[in-house]
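Hi there,

Here is the structure I promised to pass on. Please open it alongside this note, and I will walk you through what turned up.

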Amino acid sequence: HVLNGVTFDVRHGEIMVILGTSGCGKSTLLKNIIRLYKPGMGSIRLLGHEMTELEEEEIEPILRNVGVMYQHGALLNSITVGENVALPLEMHTGLSPALRREVAELKLRQVELVNVYDKYPRELSGGMQKRAAVARAIVLDPDILFCDEPSAGLDPVTAKGLDAMLRTLNETLGMTMVVVTHELESIKRIAHRITYLHKGQVLFTGPFEEAFNSDIPQIQEFFLKT
């Protein structure tokens, strides 16, 4: 079993960080929550819906209230940054091209990117690409945002800025977030609570400070080595 008996909850308006060593099931857990994978058993309640009981056509409207920022951004290189951000609007709304551009530029400003709408992803730095990926993830004003390793591969200064941006979105928009990461400094900066996975099972759920001061050997080893 990749995941075995995992139980945790995410509270409205909080940043829940899912952490653990490589291969412990973090990304697999995220993919199960948003039904990229279908779990073999168990229950997943997302925004009041039991996801395991729904057919694919019933899941799509629910996922329009969910934003996902993928680990490497997953921007499409054949279209501009702005067109990437506006793509969900084109797919799921009846907005005119002019209004789609206006909304996309607003979301880019919310992630502190200006004058990039007409640039291509390859023209942006790694940190800017990740900010653009967040802008696309929130362009439909989702109730919850999932981020898979948002600061992976970034230098410490860029990672700190990205973390600050996520906290600002959380505080100003009241956006609930689930962040998968193993970056200790990022965890310290953004987490309201954490869920620690070990070999597909939950060892701890609660405030970061309690985890850091716990006597659970695997967690202490993680914090000492990270």
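The protein has 9 helices and 8 strands. Its radius of gyration is 18 Å, close to the 17 Å that the globule rule gives for 226 residues, so the protein is as compact as a globular protein of that length. Please keep in mind that this is a predicted model.

The C-alpha trace spans about 55 × 45 × 30 Å along its principal axes. Of the 226 residues, 46% are buried. If you take the contacts between residues at least 6 apart in sequence, 65% of them join residues at least 24 apart. The protein exposes about 11,600 Å², and carbon and sulfur atoms supply 50% of that area.

Now to helix 1, which covers residues 26-33. Which of its residues are buried? They are K26, L29, L30, N32 and I33. These residues cover an arc of only 160° around the axis, which puts them on the same side of helix 1. As a reminder, an α-helix has 3.6 residues a turn, so residues three or four places apart point the same way. The cover over the buried residues of helix 1 includes strand 1 (15-19), strand 2 (45-46), strand 5 (144-148), strand 6 (176-180) and strand 7 (193-198). Just after helix 1 comes R35, which takes a positive phi of about 65°.

Next, please find T181, in the loop between strand 6 and helix 7 (184-190). Is T181 buried or exposed? Its relative accessibility is 1%, so T181 counts as buried. The side chain of T181 reaches the backbone nitrogen of E183 at 3.0 Å. Leaving aside residues up to four places away in sequence, T181 touches V17, I18, L19, G20, K26, E149, S151 and I187.

Finally, some backbone angles to check. Most residues other than glycine have a negative phi, and most peptide bonds are trans. N115 has a phi near 60° and lies in the loop between helix 4 (97-110) and helix 5 (126-137). With a relative accessible area of 72%, N115 is exposed. D141 has a phi near 55° and lies in the loop between helix 5 and strand 5.

Happy browsing, and do write back with any questions.

Best wishes

Key. Residues numbered from 1 in each chain as written. Predicted model: local features only at pLDDT ≥ 70, side-chain atom pairs only at ≥ 80, totals over all residues. Heavy atoms only, no water. Buried < 20%, exposed > 50% of the residue type's maximum accessible area, 1.4 Å probe, protein only. Helix = DSSP H or I, 4+ residues; strand = E, 2+ residues; numbered from the N terminus. Arc of directions from axis to C-beta. Contact = heavy atoms within 4.5 Å. Polar contact = N/O pair within 3.5 Å; in protein donor to acceptor, adjacent residues only side chain to side chain. Rg over C-alpha atoms; globule rule 2.2 N^0.38 Å. Areas by Shrake-Rupley, 256 points an atom, 1.4 Å probe, with all protein chains shown as cover.
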